[in-house]
Amino acid sequence: MENTLPLHACQFHKLLSLFNRAHLFIHSTALACLIYYRAFYLFQDPETRTAPILPWLLVFASEMLLSFDWLLSQAFRWRSVSRTVFPERLPSDDKLPAIDVIICTADPDKEPTVDVMNTVLSAMALDYPPEKLNVYLSDDSGSDITLHGMKEAWKFGRWWVPFCKKYGIKTGCPEAYFYGGNDENSSSEFMADKEKIHEKYEIFKQRVKTAKGNHKVASTSNRDHSAIVEVIYENSDEGAQEDERVKMPLLIYVAREKRPAYPHRFKAGALNVLLRVSGLISNSPYILLLDCDMYCNDPASARLAMCFHCDSQISPSLAFVQFPQKFHNISKNDIYDSQYRYVFTTLWYGADGLKGPIMSGTNFYIKRASLYGKSMPKDLAELRISFGSSNEFIKSVHQDYKPRISNSEELPSPVLQKETKVLCSCTYENHTKWGKEVGFMYGSVVEDYLTGFILHSRGWRSVYLDPSRPQFLGSSTTNLNDLVVQGTRWSAGLIDVALSRFCPFIYGLLRMPFLQSMLYAQLAFWPLFQSLPALCLATIPQLCLLNGIPIYPQVSSAFFGIFLFNFVSVLSKHLLEIIVSASGNSIRTWINEQRIFMIRAVTCNLNGSLDSVMKKIGVREASFMLTNKVVDDEQVTRYQMGIFDFQTSNIFLVPLVTLVTLNILSFFGGVIRMIVFKGTGRNAIFLQVILSLYISVVNYPVIEGMVVRKDRGRVPLSVTLLSATFSSIFLVLGSFIIMY
C-alpha cells in the first residue's frame, strides 16, 4: 500500500510574525512623523531656518532612502516559517529520481586542488543510490592539475565511499573527518579500517600536491583552452575493496572551451555548459549545485531535498530546495560577520513564508526542467533557437530521454565525446536563448539572484530547509580584503540587475506577488540604498556640527523623541532578531554586525555600486573577482583572536579611515561646543554629537588600527596621513559650500 503520510511539515511562526507586523506599524508611524518634520522645514520662511537648505536636503534624502530600504525589508518579516522533513517516508531507492551534482572551480591557485577534491569526494559519499548519483566538476581553468586530481579522487573514492557506507559516516569530507574528531564507532574492526583509509588519504593528498609541484599551468590557460570532457574511470581493481566490486557514482570532468575573443559569462556560462553536458550524459531530473569549497557535511541532504521534490502536492511548482550556507572556519567572535547570520537565520525564513527564498549560489537542489524556459516549443526550428543546434541535446530535453551512460563502468562513445565537445564550444550559444530565457541567466555576476528572480517571476516557487546539523560546510572569509572583494562583486552584480530591464520594481511587480517583488527589490537596491545614506550621514551632520549648524531637533522638542525612537527602534529590533536566532553572544554579535554594516556600506557597497554604474555607461567592462581560498596563517590567527586585519587596497581603506577620522574630530568639536554654548545651542546639536560618538565607538577597531597597533595588520601610516589630509580638505571645502 502506498504511503500517504506527508513527507514534510511547515510551521508558521505566528507570534513572531504578529510582533513583526506590530513593529512595522509603530515604526512606520514614527517614520511618518520624521518625514513631516523634515518636509515642514522646507516650507518655513528662509529667514527663520536654522540650517542651510543643502545639508538639510541631503540628510532628508538619506533618511528617506534608509526608510524605504527598511520598508522593503519588512517583506522578509511578514510571514516567517520553518520546515521539517520525514525522509524515512520516502519511496524505496529504486523509485527515487536521479541527481546530478555540479561543482564549479576556476583557479587551482586560489582554490587548492586538494580542497576541491574533498568536496568532490563528499558528494560521491552522499546517502543515495550510487547508480542514481552523478558528480560533475566544472574546471574553468582547463588545468591538467585539476584533471589529475579528479583521477586521484576516483582511485581514493573507491575506498572512501564504501567505508562511509559501511559505517554510516556522516562527515563525507575526508579532510574534515580525519582531522575533526568524528569517530562514530570504537570497534576494533572500525578503527583498523579507519587507519587504513587514513593512510590511503594521506597518499592521495601527497599525489595531488606532488602533481601540482611538477606541473606549471600556462598563464593564459584560464582564458584560452580547448574543451575537455572526460568520464573518470580506471579499468582496474586498484582502489576497490578486496571482496567485491564497488558501486560508484559517475564522475565527470568538464572544462569548457574558452577563447579571449568570446565572452565566457563567468560562472553562469560554466553552469550552462554543465547543464548541457549532464543532459547528454546522465540527464538527471534534479541537480545539486555546490561551490568547490562547500563540502557535504551530512550525506542525508539529497533525501531531505527529495521530501519536497517527491511530494506530488508541492513538486509541480517547486523549482529548488535551498539549504543555508554554513562555515567550518567561523571564530567565536566573528568580527567580519562571515557567517551571514542575518541572511540565513532571518531573511530566508521570512522569504520561505512567501514564494520561497532567493537562490543563494550553492547548496540547492533544483529541478532541471525549471531551467529550460517558460514553455517547451514543439517545432524543431524553435527548439534549436532555444537550446542550440545539437539534436542530441534537444532529445534530452524531453522527459522520456534515456541517458547515454548509465553506470561508472561505461565509457562514452566517440560520437558522444564529439557531441559533448560541441556543447562546450564558445560559439554554441550564439543566436540561442541560453542565458536569456534558458538555463542560468546572464547579465550579472550574481547569476544565482537573477536566475532565482526569473524562476519566481515565471510562477515557480522554492523552499528553505535548515536542519539542526549543517548539511553543507564551506570556507568563509577570514580577512577584511576578501570580505570587501567578495562584497564588491556581489554589490556590482545586484546593482546590474537593479538598473536592467529586470528591475524588480517593474519586471517583478508585473509577474509575481507584491511582497515577493519587495524581497527582490530590497536586495537588488540594497548596496545603493545602504552606501549613499551611510556616506551622507557619516559626513554631513558632522560637517554641520563643526560649523555650529543644527540639523536635528532640540532636546526639548517633541520631534527629538521621534528621532531617538527611530534610532533605538531599529537597533533594538536588530538585537532581538539576534536573540531569537540563538546566535551565541548576542551583544557581541550585534556590535559586530553593526560595525560590518558600516564598513561594507562605505567600502564594497559603494565601490560595487560605482562599478556597476560605470559598466552601464561603458567606462569599464564587467569583471569577476575570485575570493582567495588559500589560507594566510597570520591573518587567520588575527581573525581567531578577534583582531581586524587592514591589509587591503587603499581604494577601500582610505574612505573608511577618512570617515572615522572625520567623526572623531566632529565628536570632540561638538563636545567643546556643548561646553562653550549653553541652553538652546547645546540642546540643538546634541543628536549630532551622539551620532558622531556612535560611529566612532562602533568603529573602534579602525581607531585602534590607526593609533595603537604596530603589527602588520594595522592601518598603514600612509593611509592614516592620507585620510587626515582628505578630512582636512573636506572640512574646508564642505564648510565653504554649506555656508555659502
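Let's start inside: D611 and K615 are both buried, where buried means under 20% relative accessible area, exposed means over 50%, and partly exposed is in between (1.4 Å probe, protein chains only). Keep in mind that this is a predicted model, in which local features need pLDDT of at least 70 and side-chain atom pairs count only at pLDDT 80 or more, while totals for chains, interfaces and linings use all residues. Residues are numbered from 1 along each chain as its sequence is written, and side-chain values use heavy atoms, with hydrogens and water left out.

**Salt bridges**

- Side chains of opposite charge can pair when their charged atoms come close.
- The rule here asks for a side-chain nitrogen of Lys or Arg within 4 Å of a carboxyl oxygen of Asp or Glu, and a search of the whole structure turns up 33 salt bridges.
- D611 and K615 form one of them, at 3.4 Å from N to O.
- These two sit 4 residues apart in helix α20 (residues 604–616), so about one helical turn separates them. (Helices are DSSP runs of H or I with at least four residues, strands are runs of E with at least two, and both are numbered from the N terminus.)
- Another salt bridge joins R259 to D224, with the closest N and O atoms 2.6 Å apart.
- That pair links distant parts of the chain, 35 residues apart: R259 is in the loop between β6 (250–255) and α7 (266–281), and D224 is in the loop between α6 and β5 (228–231).
- R259 is partly exposed at 26% relative accessible area, and D224 is also partly exposed, at 34%.
- R709 and D711 meet in a salt bridge too, at 2.9 Å from N to O. R709 is buried, with 7% relative accessibility, whereas D711 is partly exposed at 30%.
- Shared partners tie E634, R638, D645, R709, D711 and R712 into one salt-bridge network.

**Aromatic rings**

- Rings of Phe, Tyr and Trp (its six-membered ring) pair if their centres lie within 6.5 Å; planes under 30 degrees apart count as stacked, over 60 as edge-to-face and the rest as tilted. By that rule there are 48 aromatic pairs.
- Y41 and W56 are stacked, because their ring centres are 3.6 Å apart and their planes are at 20°.
- Y41 belongs to helix α1 (residues 14–42) and W56 to helix α2 (residues 53–73), so this pair ties together parts 15 residues apart in sequence. Both Y41 and W56 are buried.
- F156 and Y201 make a tilted pair, 5.6 Å centre to centre with 45° between the planes.
- F156 in helix α4 (residues 144–167) and Y201 in helix α6 (residues 188–214) are 45 residues apart, so to speak a link between distant parts of the chain. Both F156 and Y201 are buried.
- F156 and Y201 also belong to one aromatic cluster, whose members include W160, F163 and F204.

**Charges over rings**

- A charge sits over a ring if NZ of Lys or CZ of Arg is within 6 Å of the ring centre and within 35 degrees of the ring normal.
- R38 lies over the face of W56, 4.5 Å from the ring centre.
- The charged end of K200 sits over the ring of W159, 4.4 Å from its centre.

**Two domains**

- An automatic or database domain assignment supplies the bounds: domain 1 is 12–79 + 500–739, and domain 2 is 96–234 + 246–331 + 356–476.
- Across the interface of domain 1 and domain 2, the rule finds 0 salt bridges.
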